[in-house]
Amino acid sequence: MSIIIATLLLAAGNPCAGSTTPKVEQCLTGDLARADTELNRYYATAVARLTKSPTGN
């Protein structure tokens with residue numbers, strides 16, 4: 001199973017193609033921060049929708 005996942009990741013390309021570990025980690029940290037911001041935005045939208053909806057619907 002892990003071979004399949006590794007193959008899929010290699011086929012998708014490496015978004016952080018740094019030449020050193022610190023460069024790759026810095027890139028991945030940025031990706032994580034962007035993903036976290038997007039997740040928080042979706043979460044806030046979902047909470048806002050749930051609090052505006054009448055209960056029972």
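## Overall picture

Of the chain's 57 residues, 2% count as buried. Buried means under 20% relative accessible area, exposed means over 50%, and partly exposed lies in between (1.4 Å probe, protein chains only). This is a predicted model: local features need pLDDT of at least 70, side-chain atom pairs count only at pLDDT 80 or more, and totals for chains, interfaces and linings use all residues. Residues are numbered from 1 along each chain as its sequence is written, and side-chain values use heavy atoms, with hydrogens and water left out.

The chain has two helices and zero strands. Both are DSSP runs, numbered from the N terminus: helices are H or I with at least four residues, strands E with at least two. The accessible surface comes to about 5300 Å². Carbon and sulfur atoms hold 65% of that surface. The areas come from the Shrake-Rupley method with a 1.4 Å probe; for residues, only the protein chains shown count as cover.

## The salt bridge

How many salt bridges are there? The count is one. The term means a side-chain nitrogen of Lys or Arg within 4 Å of a carboxyl oxygen of Asp or Glu.

Arg34 pairs with Asp31, and their closest N and O atoms are 2.3 Å apart. Both residues sit in helix H2 (residues 21-52), three residues apart, about one turn of the helix. Arg34 is exposed, at 53% relative accessible area. Asp31 is partly exposed, at 27%.

## A charge over a ring

Arg41 lies over the face of Tyr42, 4.9 Å from the ring centre. The rule asks for NZ of Lys or CZ of Arg within 6 Å of the ring centre and within 35 degrees of the ring normal.
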